[in-house]
Amino acid sequence: MIDWFTTVQVIVACAAGLLSVVLGLAGRTPADITNGATVMVEALLLAQIVISIVSPLAGNTPTGSGLEFWVYLVTAALLPPLAILWGLVERNRWSTVILGVACFAVAVMVFRMHQIWFVQLA
Amino acid sequence: MTTTTPRRSGGLGRVLIAVYGLLALAATGRSVYQIFSEFDHAPLAYSLSALAGVVYIVATIALLAPGDTWYRVAWITISFELVGVLVVGLLSYLDPILFTEKAVWSFFGRGYGYVPLVLPILGMIWLYRHRPRVVEPVAANAEPAGTV
């Protein structure tokens, strides 16, 4: 896990989440802009998976539980596709809000992954 | 007497269900991990988290499924969640050793952004507004669920 990349990831996920929640409440159905933002969140998660596989080989290992870290990462990576799929099946504004909720959930989970990797106080 | 239960899974309810699903996933997944890895740290808190997770799963299904029975199940599970978070939240302030912050209900759900405290209340408001009504010729035009 790379510190600055994780920060970027949380910021992008929050921005995407805010965008989708606002556009959804404004009555927009899922569109290229909201789906695109969610895809970007997913792309960063896939990059994070690659980084997290490679990092330990370079001596950058998690300070906390590796298992817990991976449970978070894999679950987080499943959320954006599920939310996009939901929006494809049900085309109304609430599906756009759900895209945003998924992005915010990813932001929280990446934050937790950051804690597990870097600051293990317990 | 015939009653009709308005669709609970439409419109804003979709968002509620999605958040319930997320919390069910988070609570169940995390507590299972905690029980297997560090059960001794806070056995009571982790057991309650697992119980909460399972009840969240049932609540999510009950909100999704149509019909009067599921409506009752939704009320029971969501009430259970509210009582749980209030009781455990209070107890965890009285005895912080017994309840770790990493559990769902401890400190009124602080470790989960207070979502476990807010969600049952929103769920109850939602259920109340979509309660079953007696079918009468005039009452047939109950507010349509899922209006965009």
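The axes of helix 3 of chain A and helix 1 of chain B come within 11 Å and cross at roughly 160 degrees. Axes here are lines fitted to C-alpha atoms, for helices over the stretch in contact, with angles running from 0 to 180 degrees between N-to-C directions. That angle is why helix 3 of chain A and helix 1 of chain B count as roughly antiparallel; the label needs an angle over 145 degrees, while under 35 is roughly parallel, 65 to 115 roughly perpendicular and the rest oblique. Everything here comes from a predicted model, where local features need pLDDT of at least 70 and side-chain atom pairs count only at pLDDT 80 or more, while totals for chains, interfaces and linings use all residues. Residues are numbered from 1 along each chain as its sequence is written, and chains are lettered from A and ligands numbered from 1 in the order in which they are written.

Who meets whom at this crossing? A:Glu68, A:Val71 and A:Thr75 in helix 3 of chain A meet B:Leu25, B:Gly29 and B:Tyr33 in helix 1 of chain B. A contact means C-beta atoms, placed from the backbone, within 7 Å. Helices (H or I, at least four residues) and strands (E, at least two) are DSSP runs, numbered from the N terminus.

Helix 1 of chain B has another partner, helix 4 of chain A, and those two pack at about 25 degrees with axes 9 Å apart. They are therefore roughly parallel to each other. Here are both pairs:

| Helix pair | Angle | Axis distance |
|---|---|---|
| Helix 3 of chain A, helix 1 of chain B | roughly 160 degrees | within 11 Å |
| Helix 4 of chain A, helix 1 of chain B | about 25 degrees | 9 Å |

Helix 4 of chain A passes helix 1 of chain B in a right-handed crossing, meaning the near helix is turned clockwise from the far one by less than a right angle, with anticlockwise making it left-handed. On the chain A side, the touching residues of helix 4 are A:Trp94, A:Val97, A:Ile98, A:Val101 and A:Ala105, and helix 1 of chain B answers with B:Leu12, B:Arg14, B:Val15, B:Ala18, B:Val19 and B:Leu22. Sorted by class, that makes 10 nonpolar, no polar and one charged. Nonpolar covers Ala, Val, Leu, Ile, Met, Phe, Trp, Tyr, Cys and Pro, charged covers Asp, Glu, Lys and Arg, and the others, Gly among them, are polar.

Now for the inside. How many residues does the largest nonpolar core have? It has 63, and A:Val106, B:Tyr20 and B:Leu23 have the most contacts inside it. Helix 4 of chain A gives the largest share of this core, 17 residues. Such a core is a set of buried Ala, Val, Leu, Ile, Met, Phe, Trp, Tyr and Cys residues joined through C-beta atoms within 7 Å. Buried means 20 or more other C-beta atoms within 10 Å of a residue's own, exposed means 12 or fewer, and partly exposed is in between, with C-beta atoms placed from the backbone. As for B:Leu23, its contacts are B:Tyr56, B:Val115, B:Pro116 and B:Leu119, leaving out residues up to four places away in sequence.

Back in helix 3 of chain A sits A:Leu73. A:Leu73 counts as partly exposed because it has 19 C-beta neighbours inside 10 Å. Setting aside residues up to four places away in sequence, A:Leu73 touches A:Gln48, A:Ile49, A:Ser52 and A:Met113.

Finally, chain B has four helices and two strands, running β-α-α-α-α-β from the N terminus on. Of its 148 residues, 37% count as buried.

Methods: Contact = placed C-beta atoms within 7 Å.
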